[in-house]
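Biologist: I've got a model open and I'd like to learn how to read it. Can you walk me through it?

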Amino acid sequence: MRNRTIYLLLLPGALFLTIFMVIPILLTIGSTFFNEGSFSFEGYLHYFQDKYFIGILLTTLRVSLVTTFICILLGFPVAYYISKVGTRTKVLLLLLSIFPLLTSSVVRSFSWMIIIGKNGVLNKLLLSIGLIEEPLNILYTPTAIIIGLVHLFLPLIIITLIGVLENMDEDLLTAAESLGASRLGVFTKVVLPLSMPGLVIGSILVFVGSFTAYTTPALLGGKQRVISTFLYQNATTLNDWHTAAIVATIMIVITLLVTIIMNQIAYKINPKG
Amino acid sequence: MKQKNRGLAVFTFLVFVFLLGPLLIISVTSFEGGSVLKFPIETFSFKWYENIFKVNMFLTSFKTSIIVSLAGNLLALILGIPAAYALSRFDFKGKSVLNAVFISPILIPGIVLGFTFLRYIVTTYHFPIYTGLFIGHTIIMLPFVIRVISSSLSTFDFSIEEAAHSLGASKIGTFFQVVLPNIKSGIIAAVMIAFLESFNNVDISVFMTGPGVSTFPIQMLTYVETYFDPTIAAISVMLMIITAFFMFIVERLMGLSYFTKR
């Protein structure tokens, strides 16, 4: 009797998601294994031999990896600082981190077009102080995509790490120091291992987010395709749904694999985390 | 220690310049008097703010976005509140599977969702584009609604519900008169977070465009492809004001812990 109530509460939402999301996703994945009515892996074999597609896939993976590294390098010290300052500064800095996160990605990517464009703020500044002779071509390159993605996801890794660093027992650090550990020693032997779970979760969020991002590469990438803009182009402009479905499946598999493997690593490092 | 902290403080300051600088620059450029976006501005005017209300595609798509986000939000609440309640209140067979299903719209890449919605909801199921937008946005809002309301329910003492029940209140009556009023602030926070998520969405909406139907962010993208005038900067400022307003309300209702928890 009680069980019936529970399932009745869950049924409408579960049914809605099944009809409009789960079944369409499964049908999309299933459709990639059929070519003119017969079962085959041909679609995948074709794309994994296609230099153009492999190039796009590798560029996307490289861009996501670099973005994740930069986000960790910039985000970790900032999160560490925020977790140590007084409450009022902390609240202010947290609000300033959350605000960009909630702001439209179109606005945030567009703001970089004003800065790194050929006649943009950055070039004007560098030219006027004589650091460069010719304006830099940053906009519409993979570098532009990386800058935009770091800007997009840095707040995410900062606030994820703050959550972990705040829970770290201050006494552990004092203990390590009083037992003679150097500052670097405290960091590598105590702070870093204890923040691993947060670092892994944050890295998954940034990597997967960068790998699947559409708006930033669409605005800042120009002709440089990444996997999501390639999917969009095939699904709409080229009307090639078979290719789009294959790309969609590859994206699902890669994001799931990365998430599962990274979670396993996090569990191995810190089973309690 | 002090010395090290100063270095860290400078580093943090520079990172925040990187994070907020672009938003500041785009805000300043919105007041440019000329017709080309530039920084610093040469003359001052409000004319690009006026221009937003003169461009038809912004007005209609703004209406579309508001309607889709509000209607989708309502449906996400109707589907999500009972589900969040069942998932936080009871232990039952298949709970982890159902939990995964309700959170899955966040785990699947947005651009993949958008493509499958176009292919199945619009093309195979033959729903009009407007309805497709409504369904798609409901789906992406559901995980946020469930997450915020679950976290609100996690601090709710269910023994109050049992007390009301043992005093003779019906199950449904208890839910509406005891549970719902207690999670009111969680519901408002859920509405605001889900609204921002839906209103700013590009990945789903970019596939759902048709004659006269398109959402606001998609029109912004289209506009940027052809024009490089300060209209988008003016729109950005207005969106940032709305975002800040929503953020402060969520902060008042839930505190900042909602954002730092993963």
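Predicted model: local features only at pLDDT ≥ 70, side-chain atom pairs only at ≥ 80, totals over all residues.

Biologist: Let's begin with the annotations. Which residues of chain A does UniProt list as "transmembrane region"?

Modeller: The unreviewed UniProt entry gives residues 7-33, 53-79, 91-117, 137-165, 186-211 and 241-262 of chain A. Residues 53-79 of chain A are 100% helix and 0% strand, with the end C-alpha atoms 37 Å apart. Residues 91-117 of chain A come out at 89% helix and 0% strand, and there the end C-alpha atoms lie 34 Å apart.

Biologist: And chain B? Where does UniProt place the "ABC transmembrane type-1" domain?

Modeller: At residues 62-250 of chain B, according to the unreviewed entry. That stretch is 79% helix and 0% strand, and its end C-alpha atoms are 23 Å apart.

Biologist: Now the empty spaces. How do you find where empty space is left?

Modeller: You roll a probe the size of a water molecule over the atoms, and that shows where space is left empty. In this model, the largest pocket has a volume of about 1900 Å³.

Biologist: Which residues lie nearest the centre of the largest pocket?

Modeller: A:Leu156, A:Leu205, B:Ile106, B:Phe144 and B:Glu197, out of a lining of 48 residues. Helix H9 of chain A, residues 183-212, supplies the largest share of that lining, with six residues. Sorted by class, the largest pocket is lined by 28 nonpolar, 14 polar and six charged residues.

Biologist: What is the volume of the second largest pocket, and what lines it?

Modeller: The second largest pocket has a volume of about 870 Å³. It has 37 lining residues, and A:Ala218, A:Leu219, B:Leu221, B:Val224 and B:Glu225 are the closest to its centre. Among the elements giving two or more residues to this lining are helix H5 (105-116) and helix H6 (121-128) of chain A, along with helix H10 (216-226) of chain B. H10(B) gives the most, with six residues. By class, you'll find 19 nonpolar, 13 polar and five charged residues around the second largest pocket.

Biologist: How many cavities of 30 Å³ or more does the structure hold?

Modeller: One. The largest cavity holds about 30 Å³ of space. Its lining is made of A:Thr60, A:Val63, A:Ile145, A:Leu149, A:Ser210, A:Ala213, A:Pro217 and A:Val226. Helix H3 (51-84) and helix H7 (142-166) of chain A are the elements that give two or more residues to that lining. Six of the lining residues are nonpolar and two are polar, with no charged ones.

Biologist: Last stop, a single residue. Is A:Thr32 buried or exposed?

Modeller: The rule is a cut-off: under 20% relative accessible area means buried. A:Thr32 has 1% relative accessibility, so it counts as buried. You can find A:Thr32 in the loop between helix H1 (2-31) and strand S1 (34-35) of chain A.

Biologist: Which residues does A:Thr32 touch?

Modeller: Leaving aside residues up to four places away in sequence, A:Thr32 touches A:Ser40, A:Tyr44, A:His242, A:Ala245, A:Ile246 and A:Thr249. With A:Tyr44 there is also a polar contact, side chain to side chain, at 2.8 Å.

Notes. Residues numbered from 1 in each chain as written. Chains lettered and ligands numbered in written order. Heavy atoms only, no water. UniProt positions renumbered as here; feature names shortened; annotations may be inferred. Helix = DSSP H or I, 4+ residues; strand = E, 2+ residues; numbered from the N terminus. 1 Å grid on protein atoms, 1.4 Å probe; cavity = no way out; pocket = protein on both sides within 12 Å on 5 of 7 lines; lining within 4 Å. Points joined across faces, edges and corners; volume = space filled by probe spheres on them. Nonpolar A, V, L, I, M, F, W, Y, C, P; charged D, E, K, R; others polar. Buried < 20%, exposed > 50% of the residue type's maximum accessible area, 1.4 Å probe, protein only. Polar contact = N/O pair within 3.5 Å; in protein donor to acceptor, adjacent residues only side chain to side chain. Contact = heavy atoms within 4.5 Å.
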